[in-house]
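These are my notebook entries on a single chain, written while going through its model.

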Amino acid sequence: MIRLNKSSLPPNVTILSEYAYQQGEAFDILVDDCHSKCYICEDKPTKINVEHIVPHRNDPELKYDWANLFIACGHCNSIKGTQFNSILDPTKCDPEEHIALSIDPTEDLVGQVKIELLRTDSSTVQTAELLQKVYNGTNTTKMQKIESSNLRKEHLMPNVHRFMLFIKNYREEPDVTGIILPLNCISIKISPPSPS
Ligand SMILES: [Zn+2]
């Protein structure tokens with residue numbers, strides 16, 4: 001989960017129905033604001049779900065609230081369901097200041113994601129519990145465990161390996177401009193090299 005900036009809806013765009021946020025102009029803006037990625041696991045889903053960060057439970061105030069809408073993959077949407085009602089809102093804080101994720105790139109594509117709390121407020125703890133289920137399949141169904149394993153193998157590890165290759169190339173040829181970090185790489189902060 002990374003920090004996101006949500007656009008303001010143009011005055012002529014309203015959300016008065018599911019159609020409006022699932023197929024209307026608001027949907028296009030939402031997908032752009034979320035960089036076409038699931039806001040929970042950061043994978044680019046083939047099937048996009050519009051997700052309410054606070055479960056709406058048919059409350060129209062929450063169901064049609066622009067600030068409450070994000071896009072998610074089916075895996076994260078099914079795990080989050082209505083059980084997590086107070087996770088970190090990535091438009092209101094930087095989740096990376098609350099939770100640190102790491103994975104051992106030397107493990108054979110099956111390593112678990114290490115989820116470290118940097119803060120101990122209830123929203124941070126709840127978000128970490130959600131990410132534990134999403135990435136590691138902890139206390140989930142057999143099908144969700146397989147989905148979590150696939151998420152690590154097919155999304156996380158390839159991105160980690162691409163990033164490691166980028167760092168290797170950068171160290172060897174820091175002036176070469178043709179080396180481009182993949183756009184779908186996991187958000188990782190890079191410090192400039194210290195002067196020697
Ligand atoms: Zn997801």
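E42 sits in the loop between α2 (25-33) and β1 (49-52), and although E42 is not a glycine, its phi is positive, about 75°. Helices (H or I, at least four residues) and strands (E, at least two) are taken as DSSP runs and numbered from the N terminus.

Two notes on the source belong here. The model is a predicted one, in which local features need pLDDT of at least 70 and side-chain atom pairs count only at pLDDT 80 or more, while totals for chains, interfaces and linings use all residues. Residues are numbered from 1 along each chain as its sequence is written.

I then checked the confidence, pLDDT being the predictor's confidence in each residue on a scale from 0 to 100. The chain averages a pLDDT of 87, and 87% of the residues score at least 70. Over residues 182-191 pLDDT stays under 50, and for this stretch the model has twelve contacts beyond four places in sequence; a contact here means that the C-beta atoms of two residues, placed from the backbone, lie within 7 Å.

For the chain as a whole I noted six helices and four strands, which follow the pattern α-α-β-α-β-α-β-β-α-α when read along the sequence. Of its 196 residues, 22% count as buried. Among contacts between residues at least 6 apart in sequence, 59% join residues at least 24 apart.

Next I turned to L69, which has its place in strand β2 (residues 69-72) and is buried, with 25 other C-beta atoms within 10 Å. Leaving out residues up to four places away in sequence, L69 touches Y21, L30, V50 and H52. I also looked up L69 against F27, and their C-alpha atoms, 42 residues apart along the chain, are separated by 9.4 Å.

I listed T127, A128, L130, L131, K133, V134 and Y135 as buried in α5, and what covers the buried residues of α5 includes α4 (74-80), β3 (99-102), β4 (114-117) and α6 (142-172).

Q126 is also found in α5, but with 16 C-beta neighbours inside 10 Å Q126 counts as partly exposed. Apart from residues up to four places away in sequence, Q126 touches F84, S86 and I87. Q126 and F84 are 42 residues apart in sequence and 7.0 Å apart in space, C-alpha to C-alpha.

How do α5 and α6 cross, and at roughly what angle? Their axes come within 6 Å and cross at roughly 80°, where axes are lines fitted to C-alpha atoms, for helices over the stretch in contact, and angles run from 0 to 180 degrees between N-to-C directions. The two helices are therefore roughly perpendicular to each other, since angles of 65 to 115 degrees count so, while those under 35 are roughly parallel, those over 145 roughly antiparallel and the rest oblique. In this pairing V134, Y135 and N136 in α5 meet S148, L151 and R152 in α6.

Between these helices I looked at two positive phi values. α5 is followed by G137, whose phi is positive, near 70°. N139, in the loop between α5 and α6, has a positive phi of about 55° although N139 is not a glycine, and with 11 C-beta neighbours inside 10 Å N139 counts as exposed.

My last entry is on H155, which lies in helix α6 and counts as partly exposed, with 19 C-beta neighbours inside 10 Å. H155 and K44 are 111 residues apart in sequence, yet 8.8 Å apart in space, C-alpha to C-alpha.

Definitions and conventions. Buried ≥ 20, exposed ≤ 12 C-beta atoms within 10 Å, placed from the backbone.
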